[in-house]
Amino acid sequence: MKIVKSKRPIRPFFHKSLKWVFWVSISLYVSTSLLINHVPNTKLTSNNPHHHQLLPTNPKTRSSRFVPRALFESTPEEPLQKPKPTINLDLKIYIYELPEQYNSDWLSNDRCSTHLFASEVAIHRALMGSEARTLDPYEADFFFVPVYLNCNFSTENGFPSTHQSRGLISSAVRFVSSNMPFWNRSDGADHVFVASHDYGPCFHSIEGDAIRDGIPEVLRKSIFLQTFGVTFRHTCQEAEHVLIPPYVPPGSLRSTEEGFPVDGKRVIPVFFRGKVEVHPKNFSGRVYSKGVRTMIWRKFKRNRKFFYLRRHRIEDYQSEIRRSVFCLCPLGWAPWSPRLVESVALGCVPVIIADGIRLPFAETVRWPEISLRVAERDVGKLERILRHVANTNLTTIQRNLWDPAKTGALLFNDRVKSGDATWHVIRSLRERLLHRSYRRTMISANEHVTRSID
């Protein structure tokens, strides 16, 4: 912080002493305030299975000129400080009621609410019944904009098309900004969207196209719940965001488990079933999976005693995962894959082959304890690597996999359950709110010191 110089000369010793006194005073004031306001949050860890209170309610009367705490500026590139768990902080989310063309009209196709991008539907449903929801926009900390961007299944390959995504979300912003004052008040900085496609708010499935077009300018200040995340700088994660898992229907996982014998053995050492490009000279072959899947197929497809590799999905795909020891999770169009969630939920050790991938809810899931990472350049050594793990620490990894907290954190439910994926989304938003409030406190303290010295 730059201290504004006094107009009257001050001796260096006295000047330094005065600054020291002010900093100590402000630090003691902030620390004392936090301790005095501390109220243990018992509702977050309620043992009642029917009680899904996520955040403490603290009804307040707020005027129409109230500025939500989420507006305090936060830079996406800055690492968020982990908030103190002892601090009690309420959170309120207002959900816009948009015309049906933006969401419910798309539900006429059942796949809209079940495919791998369907977290946009699941989060909307869960928030609607959450105690974090408020019907009064003037007391909201965040505003959720429920636009379903991944339900246009008009393409020949059956995957959702993204060509309408930019137009649809821009239209939703125009509707919101012209009918209520909250978007214009913050330029969308306290507005939350789900961007669950391959490259999140860039709205493309091809990385080159995503980088070229980037995040639409009107959305750059907003917050995204997105599946795409990497450890290095990338255009498609330049906006503030919360990393979320891809959607896997919890019901399908339960059915798979119920149909599997209690003493059923894992008879498949290494499993992969999915798209593989065998013609590397065409466009898809040159780009898709960066050639990783093709290399795995060529090197290990004949090693049937250790590798079970198939190129096409089948109905009982999840039962194969349930019978497998290691499940390969190589990158596809994007680094992430629903195999990550399916493998963890069904007790198969995920083998992640996607350099630089960032994984969701790491504090709870603790990915290094339940998965393996293999560099893309080392796929040719897969058999040697996996045999070594099988002979050393496989039992420990498998035991860690059966922790229900890890599985629960990766699944979206129609109603929020303590510890599930939507619960973690709300907690992440709460952390951001606390971080922004902390930044505001420090900015105010700095301004106070500057004025006092002047």
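## Salt bridges and a buried serine

Arg212 pairs up with Asp209 in a salt bridge, their closest N and O atoms being 3.1 Å apart. A salt bridge here is a side-chain nitrogen of Lys or Arg within 4 Å of a carboxyl oxygen of Asp or Glu. This is a predicted model, where local features need pLDDT of at least 70 and side-chain atom pairs count only at pLDDT 80 or more, while totals for chains, interfaces and linings use all residues. Residues are numbered from 1 along each chain as its sequence is written, and side-chain values use heavy atoms, leaving out hydrogens and water.

Both Arg212 and Asp209 sit in helix H5, 3 residues apart, or about one turn of the helix. (Helices are DSSP runs of H or I with at least four residues, strands are E runs of at least two, and both are numbered from the N terminus.) Asp209, Arg212 and Asp213 are linked in a salt-bridge network.

The structure holds 15 salt bridges, including these:

| Pair | Closest N to O distance |
|---|---|
| Arg212 and Asp209 | 3.1 Å |
| Arg220 and Glu238 | 3.6 Å |

Glu342 is buried at 5% relative accessible area, whereas Arg313 is partly exposed at 48%. The cut-offs: buried is under 20%, exposed over 50%, partly exposed in between (1.4 Å probe, protein chains only).

Now for Ser196, in the loop between strand E4 and helix H5. Ser196 is buried, at 0%, and a polar atom of its side chain lies 2.7 Å from the backbone oxygen of Phe117.

Technical notes. A polar contact is a pair of N or O atoms within 3.5 Å; within protein, one must be able to donate a hydrogen and the other to accept it, and residues adjacent in sequence count only if both atoms are side-chain atoms.
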